[in-house]
Amino acid sequence: MGGETIATPKAKSTYPKLSAHPIGQWIPNIYKDRIAAFYGGGQYETKNLRAMMKEGVASGSPHVKLSVWGAPNLSRPTFKEATSHNFKETSVGQSFGPSWSTHWFRVQLTVPKELADKELLELHWDANNEGMVWTKDGNPLQGLTGGGERIEWILPKSFRDGKEHIIYIEMACNGMFGNAPGGDSIQPPDPNKYFQLAKADIVAVNVVARHLYIDMWIIGDAAREFPTDSWEQHKALKVANQVIDAFELGNQDSIIKGRKIAEEYLGKDVSSYKVYKTGSKPLVYGIGQCHIDTCWLWPFAETKRKVARSWSNQCDLMDRYPEHRFAVSQAQQYKWLKECYPYVFDRVKEKVKKGTFQPVGGSWVEHDTNLPSGESLVRQFLYGQRLFESYFGERCRTFWLPDTFGYSSQLPQLCRLAGMTRFFTQKLSWNNINKFPHTTFNWVALDGSQVICHMAPAETYTAEANFGDVKRSVTQHKSMDQDETSLLVFGKGDGGGGPTWEHMEKLRRCRGMSDTVGLLPRVHMGDSVEDFFDRLEKRVDDGLDLVTWYGELYFELHRGTYTTQANNKYNNRRAEILLRDVELLATMSSIKSGYKYPKKDIDDMWENVLLCQFHDCLPGSSIEMCYDDSDKIYAEVFETGEKILKDLYKTLAVQNITSSSVRENILALNTMPWYRREVISIGSKQAGIAFGEGRLLTIKPFKISATSDVTVKQTGKIFVLQNDQLSVEVSGGAITSLYDRVEEREIIPKGGKANQLVIFDDKPLYWQAWDVEVFHLDSRKELPPGTTKIVQTDPHKVSVMTETKISDKSWAKTTITLAAALKGQQSYVEVHSEVEWREDMNFLKVEFPVDIRNTEASYETQYGIIRRPTHYNTTWDMAKFEVCCHKFADLSENGYGVSILNDSKYGFATVGNLMRLSLLRAPKAPDAHADMGRHNIKWAILPHKDTLGSTTVRTAYNFNNPIKLVESSSSVSTRTFENPIKLSGDSSLILDAVKRGEDDEDVSRGELAVRKGQSVILRIYESLGGRSKGTIETTLDVKKVWKTNILEDDEDVVEINDGKIAIILQPFEVATFRLQL
């Protein structure tokens, strides 16, 4: 009863008394290096795991018999055309070329009996170039990449019957990244590359060994990349070495045993999609992607084949990996696929219906966003979304633009107006000065509209689905305090391809590892891009406040793309203006004159222009072949446009001027939406004044007064051009004085030289066509002028011209012109420079020092103004040493300012009081002849009272849309001198586009539901950043008015009274109105 001691048995220790032998500590680095040697190539590949990856190989006749036909003249024939020719016997080891040629192979396959029962049979084909596998009936099955990547095609079970089966392989003599010589892919392509067919084998794959290969790849990554102070890293090192120790060359059981050991670290279901079914919450969401540049280091025609090769691969992968979700943008590529490869398109359409192949982006191509006009950005979405809806029954909800060189400040507004609330990119991770601070955030446009923006923290859109990609999706995530999830966008890209089976297998193991040992962020497959953003939007609905970024997403790299390939940019600007004119005049004529609105021609024109706005074409970063293509495309646009205008002139009872002689019946064609009054030349040194606000303007004679309205005088080497408003002094080819006679103000600072041509050494760190680096500014040299002389002394206009030697091969003839001033209208100095440009890595600019002080300058962007610093206070300020502008840049202080207008230039800089317009570059890669040749460039110096206002905005429009002279017949209707649609009110309101409704019953091409009756679409925007009121006045018989989105969906009814529609626009708002007739 208490106090007693109860004896308890003690466990006997099995710990040995004596040490059996010495055991040393592992040397981690040695054991880590051992892992890669186990599954890698090199001296041990005949002794390590690689030696057991194949269970058998059949090569050459009778198992693999080859014959070939080479397409002539670098043509790309169809299957039917190619297979109609005689094929010549060939063999492995033969070479084929030259670059860009096509060779078709008939491949006769007979599976040997000893391989017929193997688990997996593949054809391994490698010629180090791209290819496509076709059935003998002409169905494209799968793309081939070459160079050891994606060289396999799985043989159908039906091929195992011992009989001969025929397939065809279409060989494209280019690699995934074109045909650059050597190892530098951006160098101009070698036109004479040849490709050796190195492999054409039937291979029986050891599936278990292939799985162990991936197991070891991922466990080895964990051993190498996990922190050395974590048990997870030590465990990975231990497991990997146990697998190696268990391996016996030639012993299949040892491979099975190795996989069993690997399960300790990866889990049991890593060879199946079931690995994603654990219910654990993931952080990283994998999305397959196949970024195909619509042109870049290859021409447009090759892209069409890349699309078919890449997308057929993904359809095949989806059949084998149910978790695979593949996001693809670019409506143009879908259209090409449907037209050129209907069999592949049908496969894609089936996968879209299942939800595994996911259209994203909503735009025609993955376009540049710096250079296209506002209306071009609208049409990217309009044409893109309409195609997606017509093909698949749904519009895109996510704007997808991972590789474009900066993002315009109005994109969030346009996205919302196109039905998209989210945006994906990653390109700002390339910034080479400042690190962008956010991953997931609200991006806000100039008008206040916002979208959720997510930038993949793995900082790539072509991830290899490696352990490190998953890891970086968290370690580089900059918004973890708000939302920790991210997208991992993986797959071969730029040149196409997309995800491979290896990517899918690696991600399965990453997920298994996360669920088994942890530490690695949990990745999930099977959700769409929309699922990811839906969760973000739900969190915002539930109260999450994401950080905000206002205005442009300026890219601190590739600033040279504002200038490179000047002719291409000139064609873009001219095409945008031509389309505006065509749509305006065709709209009015189709309603008033019974003219048939040329919808197909206009669509073709727009689709061609939108195509050339692809982010490697318009910016100037493609090979020369692409610009040969774009020149032809633009020529077709201009030819079609001029043909339409010729027909439209008939409805106006006018025609083009056919003679330079002065005529009585000359009128001016006007497409601007406001009153114009301009002095214009009408031939034989005579002038007239065009005035009015209709489509046709009356021209009255320019009266020559006793004292000339504009004069030019020479005193020694100094020239003075003067009208009633301005006095311009030219000395040494530069403007040394620009005096505002009305405001009594000198504009050029003392000692300053405006309109001074300067040249810079232009050798960026790597990306020649893309980049101009900050250090180029240190190499500035003024170009000394040659002779200056008076070249025009007409009563209405005077000019002086200066010849400038740039180098032994290059020169410029720069003409400074001043026209007579019109009362109540601001005069400006116009400049035209004819440049013969034969430089090598030099950059030509023109400078304008002005006596204006402000810490910010203003630049026209799409549908608005963006203000940027004129100082270098911070690295963020300095990074904007070269920026993008559209038709003008402006530097103003309270009460006065100066605008620089241009007709086709986009690069600009304002440093302090020095304004600088970029003119021409001379990079040598990837186009060795970029910008070489003759250029004609126009710009203007526009002084103005007060700060930046509608004077600059409208003058810039007029400068880019000069009045055109036409001849009239006696039957010209008085109504053509009137404008049936006018916009009055605040002068900041711009009527930017007038067109017919896309689905009007007399216009529709049947892609979507027809809308009864006729309608007119008006696009109006507020240009200066203030709340503005206006009135749309129309003489058309309008029944009802809607405010719509840019896709022309009716939203709000707008009241109309007696042909007047009162409107109010918020600062920088883009508004679309549909007038139902």
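This is a predicted model: local features need pLDDT of at least 70, side-chain atom pairs count only at pLDDT 80 or more; totals for chains, interfaces and linings use all residues.
Residues are numbered from 1 along each chain as its sequence is written, and side-chain values use heavy atoms, with hydrogens and water left out.

**Pockets**

- A pocket is an open set of points on a 1 Å grid over the protein atoms alone, with protein on both sides within 12 Å along at least five of seven lines, and its lining residues have an atom within 4 Å of a point.
- The largest pocket holds about 1200 Å³ of space, a volume being the space filled by probe spheres set on grid points that are joined across faces, edges and corners.
- It has 42 lining residues, and Glu678, Gln825, Gln826, Tyr828 and Thr955 sit closest to its centre.
- Two or more lining residues come from each of β25 (676–683), β37 (811–819), β47 (933–945) and α18; helices (H or I, at least four residues) and strands (E, at least two) are DSSP runs, numbered from the N terminus.
- α18 gives the largest share of that lining, 7 residues.
- The second largest pocket comes to about 690 Å³.
- Of its 24 lining residues, Arg50, Met53, His124, Gly148 and Glu502 are closest to the centre.
- By class, the lining of the second largest pocket has 7 nonpolar, 5 polar and 12 charged residues.

**Cavities**

- A cavity is a set of grid points where a 1.4 Å probe fits but cannot get out.
- There are 10 cavities of 30 Å³ or more.
- The largest cavity has a volume of about 350 Å³.
- Its lining has 23 residues, with Ser373, Glu576, Lys887, Tyr957 and Asp992 closest to the centre.
- α14 supplies the largest share of this lining, 5 residues.
- The second largest cavity holds about 120 Å³.
- Leu584, Thr671, Met672, Pro673 and Asn979 lie nearest the centre of the second largest cavity, out of 13 lining residues.
- α14 makes the largest share of the lining of the second largest cavity too, with 3 residues.

**Tyrosine 766**

- Tyrosine 766 is found in the loop between β33 (756–761) and β34 (781–782).
- Its relative accessible area is 34%, so Tyrosine 766 counts as partly exposed (buried means under 20%, exposed over 50%, partly exposed in between, with a 1.4 Å probe and protein chains only).

Methods:
Ala, Val, Leu, Ile, Met, Phe, Trp, Tyr, Cys and Pro count as nonpolar, Asp, Glu, Lys and Arg as charged, and the others, Gly among them, as polar.
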